[in-house]
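Please keep the sequence and the structure in view while reading.

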Amino acid sequence: MKHFISPAAIAATALICATSCSIKEDRTLCTSPVHVTVDNFSIVQEDFPATRTVQRAADYEGVETISLAFFDGDGTKVYESAQLRSDTSTYTTFGEFSLRLPYGNYTMVVLGSASTSAMVLTSPTSAAMGEDKVRETFACSRSVTVDGTTDLSATLSRIISRLVVQSSDGRPEDIVSFRVTLSKGGKTFNPSTGLALTDNGFTNLIEPSTAAGATVKLTTNLFLFTDEEGVDITVEGLDSDGNAITYRSATGVPLKRNRATTISGNIFLAGSSGGFSLESDWLEDQQTEF
């Protein structure tokens, strides 16, 4: 089945409210109230949570955490706040922020994630998930001016790539988990580009969600170092002691940012050649055998 996932976007509007600040005063001492509203999720997709309507942040269940930060011209973080959907003490309305900032120029970074813990945002160009696994992530970084009279808008785009490994055969009972290893990509990213900070790859440990004997679907999200990369994949079936019982591999699997690529084939059958078929929504009607 051919997957189609169009780019998802989140519009975030920041309203900079005018305040009383005399032009005779030093404007660097003036502060302005800032109201940031993250809403208008426009999602057209299949593999990712499907919706075809424009939504407010509070209505899109695919995002569990929203982080907002402002950095000054030296890259120093002057404001940061995170809202966790599950913790109502972190917000009044999920997706809306109210704050004050001194007049000046800033880099505004807004991140949305399916993670249940806040992002770790160290600079305008460096961020990481607040947990081990990479979750669905949206990001926007842009220069803004706070002067009491400016309306600001931004668009958050999905920046992850997704690999799905689908078995054609059923899982043996003695295989209790999987180790999926990728040769490229990373877990940290640059919010200004949406690309990975490293390209060394990583290993993802996955526990199956289906009973023994059923097929398995293993999903790994990652940040790519470039918009498109060919990635070598290995899939190992592990016993309860962490020993590899089965081993399958695929080389040069094409992954693309904001797209899902599915590879499928026999993973468990004894004597299997380890061949995978590939299905990628960004390669038009292409079927490849490994």
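Predicted model: local features only at pLDDT ≥ 70, side-chain atom pairs only at ≥ 80, totals over all residues.

## The largest pocket

Eighteen residues, written here as 18, line the largest pocket, and Val134, Arg135, Arg162, Thr219 and Asn221 are the ones that lie nearest its centre. The space in the largest pocket amounts to about 310 Å³. Rolling a probe the size of a water molecule over the atoms shows where empty space is left.

Which strand gives the largest share of the lining of the largest pocket? That strand is β16, with five residues. Both β16 and β17 supply at least two residues of the lining of the largest pocket.

## Arg135 beside the pocket

Arg135, one of the residues nearest the centre of the largest pocket, is found in the loop between β9 and β10 (137–146). Neighbours within four places in sequence aside, Arg135 is in contact with Ser113, Ala114, Ser115, Met129, Ile160 and Asn221. Asn221 is also among the residues nearest the centre of the pocket. Ile160 is 25 residues from Arg135 in sequence, with 8.1 Å between their C-alpha atoms.

## The overall build

The protein has 22 strands and zero helices. Of its 290 residues, 47% count as buried. Among the contacts between residues at least 6 apart in sequence, 66% join residues at least 24 apart.

One group of strands is an open sheet of four, in the order β8-β9-β14-β15, with antiparallel pairing. In this sheet β8 (120–123) and β15 (195–196) stand at the edges; each has a single partner strand, and therefore one side of each is left without a neighbour in the sheet. The partner of β8 is β9 (residues 126–128), which runs antiparallel to β8 and is joined to it by three bridges. In one of these pairings, Leu121 has Ala127 in β9 as its bridge partner.

## Strand β12 and its partners

Strand β12 is mostly covered, since six of its seven residues are buried. Its pairing with β17 is antiparallel and runs over six bridges, and here Gln166 has Lys217 in β17 as its bridge partner. With β20, β12 runs parallel, and six bridges join the two strands. In that pairing, Arg162 stands opposite Ala260 in β20. Arg162 is also one of the residues nearest the centre of the largest pocket.

## The nonpolar cores

How many residues does the largest nonpolar core have? It has 21 residues, and those with the most contacts inside it are Leu163, Val180, Leu182, Leu218, Ile233 and Leu255. At least two residues of this core come from each of β12 (161–167), β13 (177–182), β16 (202–206), β17 (217–222), β18 (228–238) and β19 (244–256). Residues up to four places away in sequence not counted, Ile233 touches Leu163, Val180, Thr181, Leu182, Arg248, Ser249, Ala250, Val253 and Ile263. A second, separate core has 19 residues, including Leu68, Tyr79, Leu101 and Cys140.

## Residues of interest elsewhere

Asn258 lies in the loop between β19 and β20 (260–265). Its phi is near 65°, a positive value in a residue other than glycine. Most residues other than glycine have a negative phi, and most peptide bonds are trans. Why does Asn258 count as buried? Its relative accessibility is 6%, and the cut-off for buried is under 20%.

Gly252 is found in strand β19, and its relative accessibility of 38% makes it partly exposed. Thr76 belongs to the loop between β4 (65–71) and β5 (77–84). This residue also counts as partly exposed, at 44% relative accessibility. Apart from residues up to four places away in sequence, Thr76 touches Phe70 and Phe71.

The table lists pairs of residues with their separation along the chain and the distance between their C-alpha atoms.

| Pair | Separation in sequence | C-alpha distance |
|---|---|---|
| Arg135 and Ile160 | 25 residues | 8.1 Å |
| Gly252 and Glu229 | 23 residues | 8.1 Å |
| Thr76 and Tyr106 | 30 residues | 9.7 Å |

Notes
Residues numbered from 1 in each chain as written. Heavy atoms only, no water. Pairing = 2+ DSSP bridges. Core = buried A, V, L, I, M, F, W, Y, C linked by side-chain atoms within 4.5 Å. Buried < 20%, exposed > 50% of the residue type's maximum accessible area, 1.4 Å probe, protein only. Contact = heavy atoms within 4.5 Å. 1 Å grid on protein atoms, 1.4 Å probe; cavity = no way out; pocket = protein on both sides within 12 Å on 5 of 7 lines; lining within 4 Å. Points joined across faces, edges and corners; volume = space filled by probe spheres on them.
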